[in-house]
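Please consider the following account as a guided reading of one protein chain.

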Amino acid sequence: MSLMRASSSEPVSPVTLLMALGLTRSGTEVSASWISGAFVHMARLWPLILLAKICMVMMLRLPFFRLGDGVQAGLLALMLLVDGLVMILPRQERFRSLMPHVQNWAMLAMLFLSGLVYSLWLDGKLPAAPGAVLKLAVPELVVALLVAGIVGDRRLLGMSYFLGLLLAAMAAKAGLTQIALLASCMLVMAVATVRQASADRERAIALHRQDLRAQRSDRLLQEHERSGRGWFWETDRQGCLTYISDALCETLGVPCGSLIGRAFTDILRQGDRQAGDGERTLGFHLSARTSFAEIPVCAALSKEERWWSISGQPVFNEYGQFHGFRGSGTDLTEMRRSQAEVTRLAQYDSLTGLANRIQMLRSLEQAVAVRHGRPGECTLMMLDLDRFKSVNDSLGHPAGDALLRQVSQRLQRVVGDKGLVGRQGGDEFKVLLPRNHDKASLELLARTIIATISEPYMVEGTAVVIGVSIGMSVCPRDGVTADALIRNADLALYAAKGDGRGVHRFYAPEMHADAEDRRQLEEDLRRALAGDRLHLVYQPVVSSGTEQVTGYEALLRWDHPTRGAISPTMFIPIAEDTGLIAPLGEWVLRTACLDAAQWPEGIRVAVNVSPTQFANPGFPSTVMNALATAQLAPERLELEITESVFLNDDADTDAMFARLKALGVRLALDDFGTGYSSLGYLKKAPFDKIKIDQSFVRGAAMKGSRNSAIIKAIVSLAEALGMDTTAEGAETQDELALIRQLGCSHIQGYVYGRPMPNEDVLVAHRGGATAAAPKGFLSSRPERRTMLRTVAVHHDGHVYTGRVRNISETGALIEGLWNVPPGTSFSIELAERLVVQATARWSKDDRMGVAFDRPIDQATLRPQARSVAS
């Protein structure tokens, strides 16, 4: 509704005038509270009006009433009643709850009656005599002027009182003077009332709107404070708090009353240059009396670290005098925490909490940075977990993550403050050791890490055992850049994994050739698998009681077109690392079943199963398809499973055993006693046979060997469980006799034949023959280890390069030196700090057999990095 201003050029409509006078409903702008708000004040002052009336009567020496004059008594009573209502009624809650215009009409009526009854009462007391009119007008006007003074700006109420006086005078046929005096007073008041009414209403509406805006602002500010998005503060000229939001006090856990009057800077922590120095900047602005915005500060009174963003501006009055500061604040704590989390995620691994790849690279670059013209000194260790993939595949990724967390904790505990531990990704870790370290201390740390990581873990109620291989590069010896150190440490790690894993290796320049050779061998293996260039050979398994061939073990062989025969110990680890083991194992299974289908009935074929194949839920289907394709009876297939499948002994492992056994195939526990043996495996898994590892068989017949006791214990255990036993690696007649004496049910080894292709197996069993005859030496000789090691041979001041093909405690087969006369003496550098004296016993072309002057401990021959091509 538009406001109507009272002016000579803008006429006021009757409806608007009635609204301004408070005589009708005021619409939606504002109620006539500026009129009704004065009623309580008038009621409190009205006793003065009643007192004035009484005083006027007493001054005129008029009686209050005459005996027998009922009209006068009635008028007096009515006057007292009306004035009493004026004094009492506006104070009542029910009256104040009425609409303002209703209250206004009620007050107009009461004041009208008050003036009318008072005038009639006075008129009845004065006798009809000359001068009586003037005598009556004086007390009426005196009281009327008092009423006008009490009602103030509410002149309409004064007009109502004067109207009552005027009507009473007219009813009493008062003189023209009295009537004219009262009429003129009413006219003046009417003009003033009409001219002021619209202005009063407009001003009331403006105040009302201002009040609404203030209330709206207060509500919005309160809502803003309650939401926790911000808070407000105010200080005086001395910088002491005069106001602070309740929400902030609740956050600090202190009552607001205790903060009022304290310096604003008391609730802030002292400035920190590294943290942005926000408190110092804020103090400068407060002392300079200048505006500021979004200054980060830290709370001093909070029990936990809280950060705020403070904004404020100085307050000046109209004369430019400084009164203090007024401002707002927002909580930056969550944002700071989010920023800190983002920073942490950018520098630390989210799973283990170790430094991530980015931080490790940055730290390595800083460690090798040139200082004073010289590169920095440091050592980089690359670590790769052994057998972790089988844990991940069998127990699942959550269990793998839990295992990685335990590994990281152990690494941090071992390394401590010696260096920085980081996670490269997957199951690879890094250790950066600053400054120069001697080789002995690095080897000690590496051995400690390997021993600690190799201890058993408990993951989701399952005992898990893994290992770790370590490759190391040293700055500046092995490189002066971060990329060079990483590449060389990675090559050393490959060498460690190639030398049997669970060992550490330092970088050596020839490792570049080894890595390239390994990569080439991997490509050749892929092509060989795709081009069907691999083949199987079969080694007989003979019954110790009947000397009849009961089966063959299928063994994989690879004849490289340029390298010749490559040992499975060399290419099988490559297949496991590159993921080729699954298709390779499936090809072996299908080929072995097709070949065995051509053999006489009753002869079985044994196929090795890798842990990766065993963990594949589709493996039973692959076995069933291979049997069906070859039309081979399930009981003629024997699956040899190593103990490594039990590293993650769980429900999935038990289910796989049950599914395989349901197919009708036989199950054999391979290499028993060399892995993580547990009698619990034999109790749960439905094995038909236990294969005793050849490390217990070889040398068992030699004097002082304790292997025979181990073999006897295994045989007794198998017999108690109703399982067959196969002794692997029997080579000599005395070993064969011992095995039979100890009760092994089956024998496998060179004593009954070397592995042969399927064509030779068919020839051996032509006509249904299954008998086998033992061959070989009568007695055992010291155990020989096959190896490929480059050695330095010293003779007569010259140094020759040779390669050790196999070695025992008493001698070795060395190639690379041509036509060496028997009896020639040498000094052979077998390893670092291991030099032995030897004598040539025989020689043929570039090969010779040498005998050591004294036996050596083969345990001291640590594996070394070697080239596959050598």
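In this predicted model, the side chains of strand β1, residues 231-235, alternate between two faces.

Strand β1 has two pairings to consider here. With strand β5 (residues 322-331) it pairs in the antiparallel sense over 4 bridges, and Phe-232 has Ser-328 of β5 as its bridge partner. With strand β2 (residues 241-244) the pairing of β1 is likewise antiparallel, over 3 bridges; here Trp-233 is the bridge partner of Ile-244. β1 and β2 form a hairpin with 5 residues between them. In the turn of that hairpin, Gly-239 has a positive phi of about 85 degrees.

Of the 10 residues of β13, 9 are buried, so the strand is largely enclosed by the rest of the structure. β13 pairs with strand β14 (residues 549-560) in the antiparallel sense over 9 bridges, and Gln-539 stands opposite Glu-553 of β14. The hairpin of β13 and β14 has 5 residues between the strands, and Glu-547 takes a positive phi near 55 degrees there. β13 is also joined by 2 bridges to strand β21 (residues 746-748), which runs antiparallel to it. In that pairing, Ser-543 has His-746 as its bridge partner.

Strands also close into a barrel. Its 6 strands follow the order β22-β23-β24-β27-β26-β25, with antiparallel pairing. From one strand to the next, the twist averages 45 degrees. Within this order, strand β24 (residues 811-815) is joined to strand β27 (residues 847-852) by 5 bridges, and the two run antiparallel. Glu-815 has Arg-847 of β27 as its bridge partner.

The next topic is helix packing. Two packed helices are described by the angle between their axes and the distance between the axes. For helix α3 (residues 39-59) and helix α4 (residues 70-88), the axes come within 8 Å and cross at roughly 155 degrees. Angles over 145 degrees count as roughly antiparallel, and α3 and α4 are therefore roughly antiparallel to each other. On the α3 side, Ala-43, Trp-46, Pro-47, Leu-50 and Lys-53 take part in the contact, meeting Met-79, Leu-80, Asp-83, Val-86 and Met-87 of α4. The residues of this contact divide into 8 nonpolar, no polar and 2 charged.

Finally, the interior may be examined. In soluble globular proteins, nonpolar side chains tend to be buried together. The largest nonpolar core here has 72 residues, of which Tyr-538, Leu-589, Val-605, Val-623, Leu-637 and Leu-639 touch the most other members. Helix α21 (residues 581-596) supplies the largest share of this core, 7 residues. Leu-637 illustrates the packing: leaving aside residues up to four places away in sequence, it touches Leu-589, Cys-593, Val-605, Val-607, Val-623, Leu-627, Val-665 and Arg-666.

Technical notes. Residues numbered from 1 in each chain as written. Predicted model: local features only at pLDDT ≥ 70, side-chain atom pairs only at ≥ 80, totals over all residues. Heavy atoms only, no water. Pairing = 2+ DSSP bridges. Axes fitted to C-alpha atoms, helices over the stretch in contact; angles between N-to-C directions. Core = buried A, V, L, I, M, F, W, Y, C linked by side-chain atoms within 4.5 Å. Buried < 20%, exposed > 50% of the residue type's maximum accessible area, 1.4 Å probe, protein only. Contact = heavy atoms within 4.5 Å. Parallel < 35°, antiparallel > 145°, perpendicular 65-115°, else oblique. Nonpolar A, V, L, I, M, F, W, Y, C, P; charged D, E, K, R; others polar.
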